[in-house]
Amino acid sequence: MAPTPLIRTGLLAIQPLKRRHCAECRRGPLSLLVIEDTEPRCLDCADLGHLVFLPRGDTALTRRAREGSGLSAVVVRFNRRQGRYERQGVLVEEAALARAEERCLADAEARARRRARDAARRAMEDVRFTAAFADEIRRLFPGCPDERSRAIAAHASVRGSGRVGRSAAGRALSSVAVTAAVVAAVRHTDTPYDRLLMSGVPRGEARRRIAPAVEAVLRAWQGPGRAGWRSEGVAV
Ligand SMILES: [Zn+2]
């Protein structure tokens, strides 16, 4: 019989479909056997009794356990429908499995630590970005109350929201992007814009109606001594 690729990988243990007994010690029926000289033998008689079964499924654990195991075997079962043997897992030394589990656990812990570091760094970036955004709002609109500039900056820089603060322009803190965030906030907070939209007024018409109110707030926030409210290319 031509050897299958499975057999060439090393020792093979079989989960028998039929009731089989050990040809040497007569124990049985066997849940796992090894064929020696065409006859089934139990794992103890085949000197594999000290190995432990590791079911398939965790590739890294399996690879490490086999690498660390002086003696190991592949466990297969015949699939009648497919007409071939299918891998069920491996038999490995218990100490090798324990070491492999420790290494996989260490990897998982290292990954978890790295994720925590990444999250902390992103949170720090968010804090810095929001602070810089609020500073820029105060520079452009000195009359804007602190809690408003902080709220607008925080709202605009919510991670992943796709809001203006997260856009490339907002990232670069361009005055256009910062002004756009302020205009949006004023529109929703200081004017009846939302109420108009809810009552069915078309957006363009609603924006036209509230434009004077928005401009008044922005002019007040810009403070005296300025040339007056310039839209910076932002539609009010
Ligand atoms: Zn036996």
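The dialogue below goes through a predicted model, feature by feature.

Trainee: Where do I start, and how many helices and strands are there in the protein chain?

Mentor: Start with the inventory. The protein chain has eight helices and six strands. In sequence order the pattern is α-β-β-β-β-α-β-β-α-α-α-α-α-α.

Trainee: What share of the protein chain counts as buried?

Mentor: Of its 236 residues, 26% count as buried. As for contacts with a separation of 6 or more, 47% are between residues 24 or more positions apart.

Trainee: Next, the sheet. In what order do the strands of the open sheet stand?

Mentor: The order is S1-S5-S6-S4, four strands with mixed pairing. S1 and S4 each have a single partner strand, so they are the edges, and one side of each has no neighbour in the sheet. On average, neighbouring strands are turned by 40° against each other, direction ignored.

Trainee: In which sense do S1 and S5 pair, and over how many bridges?

Mentor: S1 pairs with S5, residues 73-79, in the parallel sense over five bridges.

Trainee: Which helices lie across S4 and S6?

Mentor: H2, residues 59-67, lies across S4 and S6 and runs at about 60° to S6. H3 also lies across S4 and S6, but its angle to S6 is about 90°.

Trainee: How do I read a pair of packed helices?

Mentor: Two packed helices are described by the angle between their axes and the distance between the axes. Take H3 and H4: their axes come within 8 Å and cross at roughly 130°. The crossing of H3 past H4 is right-handed.

Trainee: Which residues of H3 and H4 make the contact?

Mentor: H3 contributes Thr130, Phe133, Ala134, Ile137 and Arg138. On the H4 side the residues are Ser149, Arg150, Ile152, Ala153, Ala154 and Ala156.

Trainee: At what angle do the axes of H6 and H8 cross?

Mentor: Roughly 120°, with the axes coming within 10 Å. H6 and H8 are therefore oblique to each other, and H6 passes H8 in a right-handed crossing. The contact is made by Val183, Val186 and Arg187 of H6 with Ile210, Val214, Val217 and Leu218 of H8.

Trainee: What is Val186 in contact with, leaving aside its neighbours within four places in sequence?

Mentor: Thr191, Val214, Val217 and Leu218.

Trainee: What should I look for in the backbone?

Mentor: Most residues other than glycine have a negative phi, and most peptide bonds are trans.

Trainee: Which residues does the cis peptide bond join?

Mentor: Gly28 and Pro29, with omega about -5°. Pro29 lies in the loop between S1 (11-15) and S2 (34-36).

Trainee: Where is Thr38, and is it buried or exposed?

Mentor: Thr38 is in the loop between S2 and S3 (39-41). Thr38 is not a glycine, yet its phi is positive, about 65°. A residue counts as exposed with 12 or fewer C-beta neighbours inside 10 Å; Thr38 has 6, so it is exposed.

Trainee: Where is Asp47, and how many C-beta neighbours does it have inside 10 Å?

Mentor: Asp47 is in the loop between S3 and S4 (51-55). Asp47 has 11 such neighbours and therefore counts as exposed. Its phi is positive too, about 60°, although Asp47 is not a glycine.

How values were computed:
Residues are numbered from 1 along each chain as its sequence is written. This is a predicted model: local features need pLDDT of at least 70, side-chain atom pairs count only at pLDDT 80 or more; totals for chains, interfaces and linings use all residues. Two residues are in contact if their C-beta atoms, placed from the backbone, lie within 7 Å. Helices (H or I, at least four residues) and strands (E, at least two) are DSSP runs, numbered from the N terminus. A residue is buried if 20 or more other C-beta atoms lie within 10 Å of its own, exposed if 12 or fewer, and partly exposed in between; C-beta atoms are placed from the backbone. Two strands pair if DSSP finds at least two bridges between them. Axes are lines fitted to C-alpha atoms, for helices over the stretch in contact, and angles run from 0 to 180 degrees between N-to-C directions. A crossing is left-handed if the near helix is turned anticlockwise from the far one by less than a right angle, and right-handed if clockwise. Angles under 35 degrees count as roughly parallel, over 145 as roughly antiparallel, 65 to 115 as roughly perpendicular and the rest as oblique.
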